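The sequence and structure come next.

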Amino acid sequence: MVVGTYEYKSDFARKYVVEGKEEGKVEEAGKAVLLVLEARGIAVPEEVRARISGCDDVSLLETWVRRAATVDSIDELFG
């Protein structure tokens, strides 16, 4: 069985498929920021976790992922 090759014909369906993919990118990028910080032993307060999880800008989240790899504190992440 082949999965993932179906092409939606209607504009309505295509619109929601694209939106779903974008939401998935945002969610994964937010998780990546938190995972990198956790792996580096940097404590993430609940309000910071909420800020990261609530962000819907993929570019900003990707910037935070890159920063998370090198920062020494949460303050530097957003700086």
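Which residues touch the most other members of the largest nonpolar core?

## The nonpolar core

Leu-37, Ile-52, Leu-61, Trp-64 and Leu-77 do, in a core of 17 residues. A nonpolar core here is a set of buried Ala, Val, Leu, Ile, Met, Phe, Trp, Tyr and Cys residues joined through side-chain atoms within 4.5 Å. Two or more core residues come from each of helix H1 (11-39), helix H2 (46-54), helix H3 (58-68) and helix H4 (74-78). H1 gives the most, with five residues. In soluble globular proteins, nonpolar side chains tend to be buried together.

Leu-77 touches Val-33, Leu-37, Ile-52, Trp-64, Arg-67, Ala-68 and Val-71, leaving out residues up to four places away in sequence. A contact means heavy atoms within 4.5 Å.

## Basis of the model

The model is predicted; local features need pLDDT of at least 70 and side-chain atom pairs pLDDT 80 or more, while totals for chains, interfaces and linings use all residues. Residues are numbered from 1 along each chain as its sequence is written, and side-chain values use heavy atoms, without hydrogens and water.

## Overall make-up

The protein has four helices and zero strands, in the order α-α-α-α along the sequence. Helices (H or I, at least four residues) and strands (E, at least two) are DSSP runs, numbered from the N terminus.

Of the 79 residues, 24% count as buried. Buried means under 20% relative accessible area, exposed over 50%, and partly exposed in between (1.4 Å probe, protein chains only). Among contacts with a separation of 6 or more, 62% join residues 24 or more positions apart.

The buried residues of H3 are Val-58, Leu-61, Trp-64 and Ala-68. They lie on the same side of H3 because they cover an arc of only 120 degrees around the axis, taken from the directions from the helix axis to the C-beta atoms. The face turned away from this buried side carries the exposed residues Ser-59 and Arg-66.

## Asp-57 and the start of H3

Asp-57 is found in the loop between H2 and H3. Its relative accessibility is 37%, so Asp-57 counts as partly exposed. At the start of H3, a side-chain oxygen of Asp-57 reaches to within 3.0 Å of the backbone nitrogen of Ser-59.

Asp-57 and Gly-30 are 27 residues apart along the chain, and their C-alpha atoms are separated by 9.7 Å.

Methods:
A polar contact is a pair of N or O atoms within 3.5 Å; within protein, one must be able to donate a hydrogen and the other to accept it, and residues adjacent in sequence count only if both atoms are side-chain atoms.
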